[in-house]
Amino acid sequence: MYEYVIRGLVVNRDSHKCFLLGKELQLTPIERKMNLTKNRIILQKSDMLMAERRKNDLIMYLVHHQLFRFPTND
């Protein structure tokens with residue numbers, strides 16, 4: 001369980017619950033939406049990086065097979 005503690009404010013990194021001087025604070029709807037948007041952006045970035053990696057792998061595959069398609073008889 002990871003927590004951030006700042007002057008009596010405790011934020012649990014796993015559950016995203018916040019406590020101030022031992023009392024739980026409730027997130028507002030806007031804060032929840034901001035957290036959801038942040039998580040979506042992180043997932044989209046991850047998907048983008050995976051697509052970029054697949055594209056690069058495909059390019060390398062095609063280049064490799066084009067270069068070594070016909071053996072030379074030297």
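1. Basis. This is a predicted model, in which local features need pLDDT of at least 70 and side-chain atom pairs count only at pLDDT 80 or more, whereas totals for chains, interfaces and linings use all residues. Residues are numbered from 1 along each chain as its sequence is written, and side-chain values use heavy atoms, with hydrogens and water left out.

2. The sheet. Helices (H or I, at least four residues) and strands (E, at least two) are DSSP runs, numbered from the N terminus, and two strands pair if DSSP finds at least two bridges between them. On that basis four strands make up an open sheet, ordered β1-β2-β3-β4 with antiparallel pairing. At its edges are β1 (3-6) and β4, each of which pairs on one side only. From one strand to the next the twist averages 25°, where axes are lines fitted to C-alpha atoms, for helices over the stretch in contact, and angles run from 0 to 180 degrees between N-to-C directions.

3. First hairpin. Strands β1 and β2 run antiparallel and are joined by four bridges, with I6 having L9 in β2 as its bridge partner. Two residues lie between the strands of this hairpin, and R7 takes a positive phi near 45°.

4. Three bridges link β2 (residues 9-12) to β3 in the antiparallel sense; V11 has C18 in β3 as its bridge partner, and V10 stands opposite F19 of β3. The hairpin has five residues between its strands, and H16 in the turn shows a positive phi of about 65°.

5. L21. Between β3 (18-20) and β4 (23-25) lies a loop that contains L21. Its phi is near 55°, a positive value in a residue other than glycine, and L21 counts as exposed because its relative accessibility is 72%.

6. Salt bridge. Counting a side-chain nitrogen of Lys or Arg within 4 Å of a carboxyl oxygen of Asp or Glu, the model has one salt bridge. E52 forms it with K55, the closest N and O atoms being 3.3 Å apart. Because they are three residues apart in helix α1 (residues 29-67), E52 and K55 are separated by about one helical turn. E52 is partly exposed, at 40% relative accessible area, and K55 is likewise partly exposed, at 41%.

Methods. Buried < 20%, exposed > 50% of the residue type's maximum accessible area, 1.4 Å probe, protein only.
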